[in-house]
Amino acid sequence: MMERETAALSRQPRRRPRLWAFCLPCCFLLWCRPVTGMESTASPSPSPATPCAAFTQKTCEECVKNTKCLWCHVNSTCMDYPVRKLIPPSSLCKLTDAYWAICWVNFEAMIISIAVVAGFLLLLIGCCCCYCCRRRRSRGRPSEEEERFIRDREEKRMQSLQRKHERKVKHDEIRKKYGLLQDSDHPYSRYENE
């Protein structure tokens, strides 16, 4: 019985090191690595920015090299991206015919794919949070094995008490049979017990 108790105590959850404690230095090293070794080098002065309208009637690839430009496939025009509005209005160009940053995916498909990926990430984060909360709650409760061990121990204790009571009853019967049991009806027995 003592072995089971020590086994149950040895199964107590061990404290694991936090994952972020290992990730934090790695992130710091990755963040600082591109910066190290980059001394100031003489770079050529940037050329003046070409307006987006200069790429009209040219190819989509030439237009979208500059991320400030939006290519409309219907009339092959390159225009400044309307920064004030997140999504370009249909008066400029339909979303199915507008291209920005890449020419092989139109703006509408890009928005849908970004929304799907963002939704998937939010769902994944929500599932992870639910899993962590559920796991944290279950840490407070004993596991099934511990509960079974506690139940078995309680049953054995009750059986032991029952056997002890049965032995006492048998011993009392034997004492009564041979006159060794003090009779509670005897007037002096209560003084002797006190």
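## Salt bridges

K168, D172 and R175 are linked in a network of salt bridges, a salt bridge being a side-chain nitrogen of Lys or Arg within 4 Å of a carboxyl oxygen of Asp or Glu. The model is a predicted one, in which local features need pLDDT of at least 70 and side-chain atom pairs count only at pLDDT 80 or more, while totals for chains, interfaces and linings use all residues. Residues are numbered from 1 along each chain as its sequence is written, and side-chain values use heavy atoms, with hydrogens and water left out.

K168 counts as exposed at 52% relative accessibility, whereas D172 is partly exposed at 21% and R175 is partly exposed at 39% (buried means under 20% relative accessible area, exposed over 50% and partly exposed in between, with a 1.4 Å probe and protein chains only).

The structure holds three salt bridges, and among them is the one between R157 and E154, whose closest N and O atoms are 2.7 Å apart.

## Aromatic cluster

Y81, W100 and F107 form one aromatic cluster, where rings of Phe, Tyr and Trp (its six-membered ring) pair if their centres lie within 6.5 Å, planes under 30 degrees apart counting as stacked, over 60 as edge-to-face and the rest as tilted. A search of the whole structure finds two aromatic pairs. The rings of Y81 and W100 have centres 5.7 Å apart and planes at 40°, so this pair is tilted. Y81 lies in the loop between strand 2 and strand 3 and W100 in the loop between strand 3 and helix 4, so the pair ties together parts that are 19 residues apart in sequence.

The rings of Y81 and F107, with centres 6.1 Å apart and planes at 40°, also make a tilted pair. F107 is in helix 4, 26 residues from Y81. F107 is buried at 5% relative accessibility, as is Y81 at 17%, while W100 is partly exposed at 27%.

Terms used: Helices (H or I, at least four residues) and strands (E, at least two) are DSSP runs, numbered from the N terminus.
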